[in-house]
Amino acid sequence: MLSLEVRRKIFHLIAISLWIVPLKLFPPFLTFLTFLVVIFLNILVVKKVGQDSLGVVYRCILYLEREKNLEKPSIQALWANLGIMLSFLIFGGDCASIGVILLAVGDAFASLVGHHLGRTKLFDKSLEGFLAFFLSSFLVLYFILGWGRAIILSLFGALIELLPLKVDDNLALPLAGSFLCYILEHF
């Protein structure tokens, strides 16, 4: 049986990566409509609406949820979906896709490596998780952006993940990564 963190991060990697499809392939209106539907459903889950009639769905969600989030299941998914939607609305689909990659790939590997192999503490995270974020996101972004932009964006994303922020990193990371992507493309 996989540990909770491994289950969560495998799901995190797959579910967040799915946003690449509407961001890259759908017309903007349909992408926006998809965000609205997903966020609406996400809010219903956080508020536990229909918990009795949708027992199987909630059991699956609770199977992936950390104990600290059981009062508001799927709250971190809501922050991620909001961060990706805002990135799309402000910076467009291409840059929002970069934010998705940083959140899906970098965050997943940082958490897995940091949780299982992290020994050198930096803030409340680990150097090993920081390096895992940087390397994993760089490997993906390199094939999309080339080495220069991939290094800059991966390092920036790893720093955002590492630093103790006042907002959830699932919201901050796609916004920050998309912002820097936009800056690199336009200036």
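## Helix 7

In this predicted model, helix 7 comprises the 19 residues 127-145. At 1.5 Å a residue, helix 7 should span 27 Å, and its end C-alpha atoms lie 25 Å apart, which agrees with that expectation. Along its course, helix 7 bends by about 30 degrees at L139. After helix 7 comes G146, which has a positive phi near 85 degrees.

The buried residues of helix 7 are G129, F130, A132, F133, F134, S136, S137, F138 and L141. Their cover includes helix 6 (93-117), strand 2 (125-126), helix 8 (147-162) and helix 9 (169-186).

## Helix 5

Helix 5 is followed by G92, and the phi of G92 is positive, near 90 degrees.

Within helix 5, the buried positions are I75, Q76, L78, A80, N81, G83, I84, M85, S87, F88 and F91. These buried residues pack against helix 1 (4-17), helix 2, helix 3, helix 6 and helix 9.

The relative accessibility of S74 is 15%. Because buried means under 20% relative accessible area, S74 counts as buried.

When residues up to four places away in sequence are set aside, S74 touches N42, V45, V46, I61 and E65.

## The nonpolar surface patch

A nonpolar patch on the surface is formed by V21, L25, F26, F29, L30, L33, L36, V37, F40 and L41. Together, these residues have about 950 Å² of accessible area. Helix 2 (20-25) and helix 3 (28-46) each supply at least two residues of the patch. The largest share, seven residues, comes from helix 3.

One of the patch residues, V37, is placed in helix 3. V37 has a relative accessible area of 44%. Since buried requires under 20% and exposed requires over 50%, V37 is classed as partly exposed. Helix 2 and helix 3, the contributors named above for the patch, are also among the elements against which the buried residues of helix 5 pack.

Definitions and conventions. Residues are numbered from 1 along each chain as its sequence is written. This is a predicted model: local features need pLDDT of at least 70, side-chain atom pairs count only at pLDDT 80 or more; totals for chains, interfaces and linings use all residues. Side-chain values use heavy atoms; hydrogens and water are left out. Patches are made of residues with over 30% relative accessible area and no salt bridge: like charges are joined within 9 Å, nonpolar side chains (Val, Leu, Ile, Met, Phe, Trp, Tyr) within 5 Å. Accessible areas come from the Shrake-Rupley method with a 1.4 Å probe; for residues, only the protein chains shown count as cover. A salt bridge is a side-chain nitrogen of Lys or Arg within 4 Å of a carboxyl oxygen of Asp or Glu. Helices (H or I, at least four residues) and strands (E, at least two) are DSSP runs, numbered from the N terminus. Buried means under 20% relative accessible area, exposed over 50%, partly exposed in between (1.4 Å probe, protein chains only). The expected span of a helix is 1.5 Å times one less than its number of residues. The bend at a residue is the angle between axes fitted to the seven residues ending there and the seven starting there. Contact means heavy atoms within 4.5 Å.
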